[in-house]
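The sequence and structure come next, followed by the terms and then the findings.

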Amino acid sequence: MPAPPEPDYVPPGPDSLHIVYIDEALIVVDKPRGLLSVPGRGSLKHPSVRTYLSNAYGSVFDIHRLDLDTSGLIVMARTKAAQSEIARQFASRDVIKVYDALVSGTMDGSSGEIDLPIGRDWDDRPRRCIDTSSGKPSRTLWKLETQSATHAHVRLQPLTGRTHQLRLHMASIGHPILGDRLYGEESSAGRLCLHASSLMFKHAESDEILQFQSTAAF
């Protein structure tokens, strides 16, 4: 089936952002679902995490992004130097990110690793696809938390940072994330059940280890 049309963008307002941490170099926020990390194309998609933070605190610079429908922890920089340093940590895979997800079906085992290369699906954008010939290496660790008759609660740790990596990887092993309109069935839940629940990295200036936690609403 072709990718469904993108729904109208109706973002939550600035008050929906929860500031988890702020100093002169960094801001960590808990992003709600339905809000872009950075502005999209056109004035209707201008509201975003970066927009709201810039309006409130002056210039901020994005380092990484969460999908529109994914909620949870995201860090923004308040200086170009901080942006460069934290981006370096992401590129060298020194940042530890963990997500909570609800996925369909019964997991085979209590933990595992998904190692499947991801490429662009040029004929069905914005979907990505598993591409064993020219896709970029992509690895995800998963751990089963609880299992019900119809779905599982898993914790996911991406070891690489490809677009839609967690969503595509889980769908590719037969366990799409509940509420995923691109790789599963949107009707399976009232939202995409994917939440960035843990984020750990070194402070850009002090080298202090910072670790943040957030609980998924689902």
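A residue counts as buried when its relative accessible area is under 20%, as exposed when that area is over 50%, and as partly exposed in between, with a 1.4 Å probe and protein chains only. The model is predicted, and for that reason local features need pLDDT of at least 70 and side-chain atom pairs count only at pLDDT 80 or more, while totals for chains, interfaces and linings use all residues. Residues are numbered from 1 along each chain as its sequence is written, and side-chain values use heavy atoms, with hydrogens and water left out.

**Aromatic pairs**

Rings of Phe, Tyr and Trp (the six-membered ring for Trp) pair if their centres lie within 6.5 Å, and their planes count as stacked under 30 degrees apart, as edge-to-face over 60, and as tilted for the rest. The count by this rule is two aromatic pairs.

| Pair | Centre to centre | Angle between planes |
|---|---|---|
| Tyr21 and Phe212 | 5.5 Å | 50 degrees |
| Phe201 and Phe212 | 6.2 Å | 40 degrees |

Helices (H or I, at least four residues) and strands (E, at least two) are DSSP runs, numbered from the N terminus. Tyr21 belongs to strand S1 (residues 18–22) and Phe212 to strand S12 (residues 209–213), so their pair ties together parts that are 191 residues apart in sequence. Phe201, in strand S11 (residues 194–202), is 11 residues from Phe212. Tyr21, Phe201 and Phe212 form one aromatic cluster, in which Tyr21 is partly exposed because its relative accessibility is 23%, whereas Phe212 is buried at 9% and Phe201 is buried at 2%.

**Ser138**

Ser138 sits in the loop between strand S8 (128–130) and strand S9 (139–147), and with 0% relative accessibility Ser138 is buried. Its side chain reaches the backbone oxygen of Lys136 at 2.9 Å. Leaving aside residues up to four places away in sequence, Ser138 is in contact (heavy atoms within 4.5 Å) with residues including Asp115, Arg162 and His169.

**Nonpolar cores**

A nonpolar core is a set of buried Ala, Val, Leu, Ile, Met, Phe, Trp, Tyr and Cys residues joined through side-chain atoms within 4.5 Å. The largest such core has 31 residues, and Leu53 and Val103 are among those with the most contacts inside it. Elements that give two or more residues to this core include helix H1 (49–57) and strand S5 (96–104), and S5 supplies the largest share, four residues. Leu53 touches, among others, Ile27 and Met76, not counting residues up to four places away in sequence. Apart from this core lies another, of 16 residues, among them Val75 and Phe201.

Technical notes
Polar contact = N/O pair within 3.5 Å; in protein donor to acceptor, adjacent residues only side chain to side chain.
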